[in-house]
Amino acid sequence: MDEITTFFPDSETCDRARLARDKAYDGVFFSGVRSTRIYCRPICPVRPAKSVNVTFYPTAAAAEKAGFRPCLRCRPESAPGSPAWLGTATTVGRALRLIDEGFLDTNSVDDLANKLGIGTRHLSRLFAKHAGASPTQAAATARVQRAKRMINEGTMSLTSIAFAAGFQSVRRFNDVFKALYGKPPSSFRR
């Protein structure tokens, strides 16, 4: 049994919550109305449909898979827990994951912004607000951390580690370590 169905309330509970517009269930389930083929959040302000015409789904994706389209009034895509509800921090989180995977080692900040579907200036503002650093600074930190892990865990040469971690040159690799730690990378060998 998967986790979603474990926490998914029974149909009676869902129907009571839907009819009462209970905010406690917002994001817990979605109701699909068979007669209109629209799915809603439990807090939808529209007059509730007859209970016999309603089915319940644990996620918006499940409702869409069943052939329902999102309600334009309650906007199910912005339910608690959804990326829209979490706001711009979601975008920064996605960017940080891409940066940790080495995206900026081979691409530009413009490419990152395009991949996220936003402008470069907006990406810079979001990073300043949520991360307190620029995407380039986040990438530099990710590279150093990646390199430090490789130095501690492996037996690769320092030159190989520098390039594997995303540095463009061994000199830059050494300079960054000296600037950040006050020591050369070789001092971190066990």
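Strands β2 and β4 pair in the parallel sense over 2 bridges. The model is predicted. Its 4 strands form an open sheet with mixed pairing. There are 6 salt bridges and 0 disulfides. The largest pocket holds about 260 Å³ of space.

**Sheet**

- The strand order is β3-β1-β2-β4.
- The edges are β3 and β4 (69-70), and each of them pairs on one side only.
- β1 and β3 pair in the antiparallel sense, over 4 bridges.
- F30 has Y57 of β3 as its bridge partner.
- Strands of a sheet pair through backbone hydrogen bonds, and the sense can be parallel or antiparallel.

**Side chains of β3**

- Strand β3 covers residues 54-57.
- V54 and F56 point one way, while T55 and Y57 point the other way.
- Which of these are buried or exposed? All of V54, T55, F56 and Y57 are buried.
- In a regular strand, side chains alternate between the two faces of the sheet.

**Largest pocket**

- The lining of the largest pocket is made of 16 residues.
- V33, C40, V46, R47 and A49 lie nearest the pocket centre.
- Which elements give two or more residues to this lining? They are β1 (30-33) and β2 (38-40).
- By class, the lining has 10 nonpolar, 2 polar and 4 charged residues.

**Cysteines C44 and C74**

- Why is C44 in no disulfide with C74? The closest cysteine sulfur to that of C44 is in C74, and at 3.8 Å it is too far for a bond.
- The cut-off for a disulfide is sulfur atoms within 2.5 Å.
- C74 is likewise in no disulfide, and its nearest cysteine sulfur is that of C44.
- C44 has a relative accessible area of 7%, so this cysteine counts as buried.
- C74 is also buried, with a relative accessible area of 7%.
- A disulfide would be a covalent bond between the sulfur atoms of two cysteines.

**Salt bridge D26–R41**

- The side chains of D26 and R41 meet at 2.4 Å, N to O.
- D26 and R41 are both buried.

- D105 and R146 meet in a salt bridge of 2.9 Å, N to O.
- The two residues are 41 apart, and the pair links distant parts of the chain.
- D105 is in helix α6 (residues 103-106), and R146 is in helix α9 (residues 135-153).
- Where do D105 and R146 stand, buried or exposed? Both D105 and R146 are buried.
- Which residues are linked in a network of salt bridges? They are D105, R143 and R146.

**Salt bridge R171–D175**

- The closest N and O atoms of R171 and D175 are 4.0 Å apart.
- The cut-off for a salt bridge is within 4 Å, nitrogen to carboxyl oxygen.
- R171 and D175 both lie in helix α11 (residues 170-181).
- They are 4 residues apart, about one turn of the helix.
- R171 is exposed because its relative accessible area is 67%, over the 50% cut-off.
- D175 has a relative accessible area of 36%, so this residue counts as partly exposed.
- Side chains of opposite charge can pair when their charged atoms come close.

**Positive phi angles**

- R37 counts as partly exposed because its relative accessibility is 33%.
- R75 also has a positive phi, near 45 degrees, and is a residue other than glycine.
- R75 sits in the loop between β4 and α4 (83-86).
- At 43% relative accessibility, R75 counts as partly exposed.

Key. Residues numbered from 1 in each chain as written. Predicted model: local features only at pLDDT ≥ 70, side-chain atom pairs only at ≥ 80, totals over all residues. Heavy atoms only, no water. Buried < 20%, exposed > 50% of the residue type's maximum accessible area, 1.4 Å probe, protein only. 1 Å grid on protein atoms, 1.4 Å probe; cavity = no way out; pocket = protein on both sides within 12 Å on 5 of 7 lines; lining within 4 Å. Points joined across faces, edges and corners; volume = space filled by probe spheres on them. Nonpolar A, V, L, I, M, F, W, Y, C, P; charged D, E, K, R; others polar. Pairing = 2+ DSSP bridges.
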